[in-house]
Amino acid sequence: MGLGALVVIGAGNRGLTQSRVQSPEVSASLEGSLLAAPLECVEVAGRSLVERSLERFAAVNLEAISVLVESDALIPPFRTHCRNVKFRVSSDLNMAIREELSDYSRQGIEHAFVNWASTYAETDLLDLFSFHREARQAVTPTFDQHGPLALWVVDCAKAQPLPIEKLLRAAGVNGPSEYFIREHVNRQDHPRDLRQFASDMLRGRCRTGPCGREVRPGVWLDENAEIHRRARVVAPAYIGCDSKVRADALITRFSNIERECCIDCGTVVEDSSVLANTSVGIWLDLCHAVVRENMLLNLEREILIEILDPRVLRATGASRKFVPKIRETQEVLKQISDLQQPRQVLNAWQLGNNNNLIQE
Amino acid sequence: MQTRGPVIVMELPEKLNHAEVKSFLNELQPLLEEDRPYIVLDCSQIQYMDSAGVEMLLHCLEEAMKRDGDLKLAAVSPASAVILELMRVDRLFEVFETADQAVRSFQVFAPETTAEGQPWYAAPQGLADLKAAS
């Protein structure tokens with residue numbers, strides 16, 4: 001009896017499992033403005049959610065693992081190599097799932113996990129599979145305390161004749177046995193969930209952990225990360241590959257600095273995620289935020305700001321030189337020189353000296 | 001004062017005002033001047049803390065960091081925590097529920113010595129080593 005897995009990258013699961021109060025449109029617009037890729041493809045503490053999910057499937061020695069993705073550009077970089085993983089690019093993910101399940105069935109793989117990568121669940125996959133096999137149903141949906149999850153076990157042969165979207169959507173409604181997940185679950189619906197995931201990892205609330213080496217309890221440093229001796233990192237925190245934390249900077253409260261970032265002198269990063277390739281300028285106070293290149297999302301106020309001054313925030317490769325508009329500068333200089341001109345002050349009012357009053 | 005391995009645990013007085021801080025610092029200063037001072041300040045007895053107390057904590061942290069050491073706080077009462085939070089000092093310290101937990105956090109790893117002007121840590125391992133280690 002074979003077992004496979006389909007890991008799907010894309011926004012197609014929102015209608016299937018959305019269970020949050022916040023509207024999917026708001027999340028999608030924030031996600032689109034702040035991030036270049038879907039949330040599940042963004043590296044958190046060194047690796048993306050997609051990679052972490054793939055590792056979980058690879059760990060149970062499945063016969064085949066397929067990653068279905070809407071476009072090539074969405075495939076995130078992987079740090080580890082997983083066996084039996086193949087990628088398939090398709091604009092119609094539901095059709096791609098059906099075709100993959102059909103392929104699996106032909107190969108003798110009878111059951112498959114279907115997992116939208118935006119949902120990361122640390123459940124015992126073999127226990128979930130056993131539950132599905134005993135229930136003898138086409139689809140076994142999963143859920144946790146917050147509602148349904150984008151993780152199913154599907155009988156490849158039984159699922160084939162049905163449109164996959166209908167099948168998965170109906171699974172929770174029509175009442176087949178559902179599998180309850182008590183373990184750690186992270187849904188990536190909003191950039192806030194990135195922060196939550198980083199915080200959970202750094203606090204050790206989930207089995208997956210930050211990449212790199214734990215140089216002192218709770219402080220993870222990845223390859224070639226540098227921290228100036230006058231900088232302070234308060235555990236737990238993660239500093240990614242090739243990142244630099246300069247003098248007098250403070251990284252604190254479960255913050256994660258991803259790869260190729262720079263936190264410049266004196267800047268405080270508190271309860272924040274600095275995503276890859278971001279440079280944060282000097283003497284700033286970054287709190288409760290997710291930052292990527294020159295975009296800053298404040299999670300307390302739910303405000304997304306684009307910062308144009310590269311001295312404050314910029315992509316690592318971007319130029320730091322800031323050239324203000326020349327005309328504006330000249331105007332300001334003229335105003336300053338006008339102010340600096342010595343004024344003619346009269347000691348006393350004299351007839352004939354006040355030009356405004358006496359006209360010849 | 002208690003010494004637990006390389007870590008020194010000191011209990012802060014009930015009142016952390018100017019007068020108390022002075023006498024407490026007299027006791028603590030020689031320890032701060034040692035190489036790599038690992039200090040845990042037990043805050044369980046604190047009833048009152050003013051700006052002198054906060055300044056003392058910052059001074060101790062600065063001195064410890066200068067010598068590649070660290071200073072951690074344990075058993076911070078809610079009242080003290082509020083003061084530290086209001087002054088935005090809390091984020092500088094690692095805070096533990098008990099002194100034992102704070103001591104244990106010191107004993108797992110210790111940073112390697114680096115030359116002045118160099119970052120105190122630059123990961124020497126390759127990715128393959130990291131994978132093997134994990």
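A:Glu100 is buried, with a relative accessibility of 2%; buried means under 20% relative accessible area, exposed over 50%, and partly exposed in between (1.4 Å probe, protein chains only). The model is a predicted one, in which local features need pLDDT of at least 70 and side-chain atom pairs count only at pLDDT 80 or more, while totals for chains, interfaces and linings use all residues. Residues are numbered from 1 along each chain as its sequence is written, chains are lettered from A and ligands numbered from 1 in the order in which they are written, and side-chain values use heavy atoms, with hydrogens and water left out.

**Salt bridges in chain A**

Side chains of opposite charge can pair when their charged atoms come close. A salt bridge here is a side-chain nitrogen of Lys or Arg within 4 Å of a carboxyl oxygen of Asp or Glu. A:Glu100 forms one with A:Lys86 and one with A:Arg88. A:Arg88 lies in strand S5 of chain A and A:Glu100 in helix H4 of chain A, 12 residues apart. Helices (H or I, at least four residues) and strands (E, at least two) are DSSP runs, numbered from the N terminus.

Another pair is A:Asp271 with A:Arg195. A:Asp271 sits in the loop between strand S21 (268–270) and strand S22 (273–274) of chain A, and A:Arg195 in helix H8 (residues 191–203), so this pair ties together parts 76 residues apart in sequence. A:Asp271 is partly exposed at 24% relative accessibility, while A:Arg195 is buried at 5%.

The table lists these pairs together with one that involves A:Asp222.

| Salt bridge | Closest N to O distance |
|---|---|
| A:Lys86 and A:Glu100 | 3.5 Å |
| A:Asp271 and A:Arg195 | 3.0 Å |
| A:Asp222 and A:Arg79 | 2.8 Å |

Over all chains, the search of the whole structure finds 28 salt bridges. Shared partners join A:Arg253, A:Glu270, A:Asp285, B:Arg88, B:Asp90 and B:Arg91 into one network.

**The two domains of chain A**

Chain A is divided into domain 1 (3–187) and domain 2 (210–315), with bounds from an automatic or database domain assignment. Their contact (heavy atoms within 4.5 Å) takes 14 residues from domain 1 and 15 residues from domain 2. The area buried between them is about 1200 Å², of which carbon and sulfur atoms give 61%; buried area is the accessible area (1.4 Å probe) that two parts lose on being put together, summed over both.

Two salt bridges are found across this interface. On the domain 1 side, helix H2 (24–34) and strand S2 (43–44) each supply at least two residues, and the largest share, four residues, comes from H2(A). By class, that side has nine nonpolar, two polar and three charged residues. Ala, Val, Leu, Ile, Met, Phe, Trp, Tyr, Cys and Pro count as nonpolar, Asp, Glu, Lys and Arg as charged, and the others, Gly among them, as polar.

**Chain B**

Chain B holds five helices and eight strands, running β-β-β-α-β-β-α-β-α-β-α-β-α from the N terminus on. Of its 134 residues, 43% are buried. Among contacts in chain B with a separation of 6 or more, 74% are between residues 24 or more positions apart.
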